[in-house]
Amino acid sequence: MEEERTILAIDLKSFYASVECVDRGLDPFNTPLVVCDKERGNGTIILAVTPYVKTLGIPSRLRLYQLPKVKNMIYAKPRMERYIKKSVEVLEVYLRFVAKEDIHVYSIDEAFLDITHYLKVSGKSKKDFAREIIDKVYEQTHLTVTAGIGQNLLMAKLSMDIEAKHNPDFMACWTKEDIPSKLWPLSPLTKMWGIGPRMQIKLNALGMYCVGDIAISNPKYLQDKFGILGLQLWEHANGIDDSKIQEPYVSQSNSLSVGQTLFTDYDEEDTKLILRESIDELIVRMHHKKCLAQSVSLFVGYSGHGGFSKAVKLSQATDNIEIILTTVLKVFSMYYNSEHSVRSICVSAGGLENNSYYQPTLFIDPEKEKIEREYEQTIEGIKRAYGGKSICKASALLAKSNAVRRSNQIGGHRK
Amino acid sequence: MMNSNRGMKKWMPFASLPEHNDYINKMMKDREKKQRPELSEFQKDEINDVLSTLKSGDFIEIVYYDNGDILTEKAEFIKLDLYNKCIFLNTMSIHFSNILEISN
């Protein structure tokens, strides 16, 4: 049975845009600022807008050409590394109030804190304790937050997303009693956490248009229709969520991947170059995680639509760049249709296992491999010490190469 | 009562920024770093006494400070480097100022 907890959900308001304002000594609530890399052209995505820009009725996710003319607009170049560091600073503030076991970092700008225990000991009310944390975040970082309080993660998140945003103090606290009046009228269904446009269409087809329609339906019926997710849907519509921050989920899918969305059409030769560069990155990540791959997979997306996705099992778990590279390039050559040009690729290493079990085989010359390994480690060491640009393959100078640009990026955006 | 029992799985972050995790892990690690313990004059004398009696080939146990960690090494003593103020073991070398305890 669900245990009564007190969960605080915190969202850093217009995070990237607010950081850019704070760093300029400006107030996000009256500054017209958007975060985007203008140099990438009109189609570039706007990563964030200030609360001020939102008050003009401009959505937070749009492309540059969709942005209406706003007087004195500031275009801030994305600085991903700065946002990550700021996000970690906020996390350090949380750690002054609660133990790391009671914190779940949900994204760069969202976290859940289980404050049940701290309320009991301090004798403070939920709202007072939440306010104390929020004030400290502001004091340390000058960032404004939206906060939701609920008896589980879902209720905290819903109260934050649905109500807190509109409250003057950006805070909301929901109890079970609020479910019928505040959650059930929610419509269209995509406004509900966990329901996407496709699910909405399916639910509409069953005559469900608001969250209340789901809540009063038969859970067994939903489970028959949608499996375990259907049952979860019914639970969420009734504010039920038994997840515990103290019991983190450890991902079963042990894979690493590197993907790139390309800015122009790439032909066969250029794509091979990009595949090589992506595999270089993938290998570095594998070394970092100290793991070997049992399989590799390749996804190629064509310009327009279509593409292919293939996985290959390796004869033996490895982190050898030559083996992985040859395998991926072979798959690419086998399935690539040269009538198309390529706009996106992704290479993944799957079935990862710890590299301490590594066994040499007859097929790989151990001396040669040792030299290759030392060579790779040296290059990675130089990159770690002096930055990704400090040492590159000569192919990075080719016009279609992304190696240098990506070493200046985090998550596909400027560092 | 039926239960979907998915636990924290549904709250898995979208791992779109692996670098974010790297920074968090580094911060968490830094928080766990310990300060270099202050040794008393008596403890320093004791270390000094042991150091001056060691002979090459002695098997010793040494507790030392290493950048926020306090570690223990059991190894064979090789020699003292008085010029660089280091003790050489068959496995590693440790600066005198990092030695917290030593016994043979």
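This is a predicted model: local features need pLDDT of at least 70, side-chain atom pairs count only at pLDDT 80 or more; totals for chains, interfaces and linings use all residues.
Residues are numbered from 1 along each chain as its sequence is written, and side-chain values use heavy atoms, leaving out hydrogens and water.

Let's start where the chains meet. Chain A brings 44 residues to the contact and chain B brings 25 residues, with contact meaning heavy atoms within 4.5 Å. Across this interface the rule finds two salt bridges (a side-chain nitrogen of Lys or Arg within 4 Å of a carboxyl oxygen of Asp or Glu). In a salt bridge, the side chains of Lys100(A) and Glu32(B) meet at 3.7 Å, N to O.

Now look at the aromatic rings. Over all chains, a search of the whole structure finds 14 aromatic pairs (rings of Phe, Tyr and Trp, the last by its six-membered ring, with centres within 6.5 Å; planes under 30 degrees apart are stacked, over 60 edge-to-face, the rest tilted). Tyr16(A) and Tyr83(A) are stacked, because their ring centres lie 4.4 Å apart and their planes are at 15°. Both Tyr16(A) and Tyr83(A) are buried (under 20% relative accessible area, with exposed over 50% and partly exposed in between, using a 1.4 Å probe and protein chains only).

Another pair, Tyr302(A) and Phe308(A), is edge-to-face, at 6.3 Å centre to centre and 65° between the planes. Tyr302(A) is buried at 9% relative accessible area, and Phe308(A) counts as buried at 11%. Ring pairs join Tyr302(A) and Phe308(A) with Phe332(A), Tyr335(A) and Tyr336(A) in a cluster.

Note on methods
Chains are lettered from A and ligands numbered from 1 in the order in which they are written.
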